[in-house]
Structures are given as C-alpha cells and as structure tokens.
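Welcome! Here are a few exercises to work through with the structure open beside you. Try each task before reading its solution.

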Amino acid sequence: MEDLFQFNGFRYNWLNVLDLAIVIFLVIQLYRLLKGSLAFNIFVGLLMVYFAYFMVELLHMPILTLILQNFINIGLIAIIIIFQPEIRKFLLVLGKKAPLSKDSFFTKLFLPDKFKSYKEEENIIDEVVTAVSHMAATSTGALIVLSNSYRVKFDTASSISLDSNINAKLLESIFCKGSPLHDGALIIVGNKILAAKVILPVSENPNLPLQVGLRHRSAVGITEHSDNLAIVVSEERGTISYAEDGTLTQDVSLEDLKSKLYEVLVEGYPG
Ligand SMILES: Nc1ncnc2c1ncn2[C@@H]1O[C@H](COP(=O)(O)OP(=O)(O)OP(=O)(O)O)[C@@H](O)[C@H]1O
C-alpha cells in the first residue's frame, strides 16, 4: 500500500491511520464506560502494575520481573472476571454504534418508519417531569428508575409489583409520605410502572460526595452495571438529580431533566 506520510523514520499508510483511529475510539468508549465507577480505579491499578512490570524489566530486576510477569499472565483472566459487567456493556455500546443497529444513522436513513411519532415517549416525559416538579416543590423524596429492559434486576421479595400506566398524579401519590409504597424506588420499563418499594443495590463508589445519602447512592448503584436512568428528588433539599452510567448529576433544572429524558427515551438509552 502507498505511504501516506513519514515520521521519525517510520512510514505510515491509510491502514496505520485507521488502526490508530480505532484504538482512539476504543479508548474513548472505555473511558466513558468506566468514568466515575469503582472499575476505573481498578483499571488505573492494573495500568500501574503493567507500568511497574516494564520498569523492572528495563532495570533488569529478575525476581520482581518474574513475579509481575506471572501476575500479568493471570491478569487477562482476572480482567475478564473483574470487568465482566463493563465488558458486557462495552460490547453493547459497540453493537449500538454498528451501522445496522436500530439507533444508527444508516438505519434511520433507510428505514423512514424509524422517524415515527414519539407521542408515547413525549407523554411519559411530560408525566414524569410534572410529577418530579411537584415533588421537588414540596420536598417529597422520590426515586424513579427508567429502564429499557424488562430484565432489569431488582429485589422482587421486598417490592410491590404494579403494571400501571405512567401518570403524574399516580407517581406523586406513590411517593406521598403517608403512602405505603413511598419507601424505596419505583421502576418504569417502557410505558409501564413495573414495581414500587424496590430496594436497589447501594453504590460503594468512594468518589461520591460524603453528604450523599442512601437514596442517591442507590440511584447510582442501579445505573452502575446496566442501562438505567435513575431520577432522585431529595426530601432534605427538594433538589432534583439523576444518575446514569454510575455517575450522579446533582441539582439539575427541570429543563435539564427533560432533555435527559428525551436523550434516553427518544434517542436511546445510555450506552
Ligand atoms: N437501597 C435502597 N434502595 C431504594 N431506596 C432506598 C435505599 N436505601 C434508602 N432508600 C430510600 O432513601 C430514603 C433515605 O434516604 P437518605 O436520607 O438516606 O438519602 P439521601 O440521599 O440523603 O436522600 P434525601 O436527600 O432525600 O434525604 C429511604 O427512606 C428510602 O426510601
């Protein structure tokens, strides 16, 4: 293949440029996936081990080289075990960006019925935003999880199953302090409220601000390993926050919440 350019005595062609572009794309996706999560710290730890290995090898320190080499040899298996949820998510992101996936540009271009009316999604967004605005105004604590999959995992033993349409007044009455369903989270999948009073996994991310309590931590927890969006209304401060991909965005405006819901429900769930 014809050379594109030369640098530092090396010749580069189109394939080398493509190679580099793919590596940069993969690293950016990996960063987006891991940022703010515990896995990011583990990833940095692993990079440090690799760096230490190269250093001791360079300095000809045989015992340390041997120890670190053995560590790295089992490292690949360890990486697969430790990052199993992230690898799964990473592959999902790739699948979603693939040219023929349902959200891709090409699919939208060649399948005009993709441009269907988003009346149903818009209605869900309106109902959720209306309920959240009323609950924030009255400092009614709430935790709402929107998931794109009926396989969303939660503790069914402690929760109450529902199969209701999404309605602002219903959401408000569920989280009303006197309601027997107000404690815990409410799960929305598609256009239905699936369950209330759900106990979510609590995030152990040490990077979350210290003042963040259990409601916010469990919102982060449910988004760490699956494509969910969790909305929180703080009972203490009446503020609105949301968690996505294990990252908590606090004190958002109703407009911010609305555009996030559009992003998730109309454009597709976070990768
Ligand atoms: N694991 C959990 N899953 C779902 N909901 C939870 C969980 N843990 C606590 N909660 C909810 O959070 C409430 C307690 O919130 P807490 O005050 O600890 O958190 P917070 O983040 O400071 O929220 P707020 O700002 O509303 O006070 C509980 O009454 C319960 O409704």
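A residue counts as near a molecule if its C-beta atom, placed from the backbone, lies within 6 Å of it. Keep in mind that this is a predicted model.

**Exercise 1.** Find which residues come nearest to the ligand, and which helix gives the most to the shell around the ligand.

*Solution.* Start with the shell, which has 18 residues around the ligand. Among these, Gly213, Leu214, Arg215, Ser234 and Glu235 come nearest. Next, look at the helices: α8, residues 214–224, contributes the most, with four residues. Finally, sort the shell by class: seven residues are nonpolar, six are polar and five are charged.

**Exercise 2.** Decide how α6 and α9 are oriented relative to each other: roughly parallel or roughly antiparallel?

*Solution.* First, take the axes of α6 (119–137) and α9 (254–265), which come within 10 Å and cross at roughly 150°. Angles over 145 degrees count as roughly antiparallel, and α6 and α9 are therefore roughly antiparallel to each other. Their crossing is right-handed. By class, the contact has ten nonpolar, one polar and two charged residues.

Technical notes
Residues numbered from 1 in each chain as written. Predicted model: local features only at pLDDT ≥ 70, side-chain atom pairs only at ≥ 80, totals over all residues. Helix = DSSP H or I, 4+ residues; strand = E, 2+ residues; numbered from the N terminus. Nonpolar A, V, L, I, M, F, W, Y, C, P; charged D, E, K, R; others polar. Axes fitted to C-alpha atoms, helices over the stretch in contact; angles between N-to-C directions. Parallel < 35°, antiparallel > 145°, perpendicular 65-115°, else oblique. Left-handed = near helix turned anticlockwise from the far one by under 90°.
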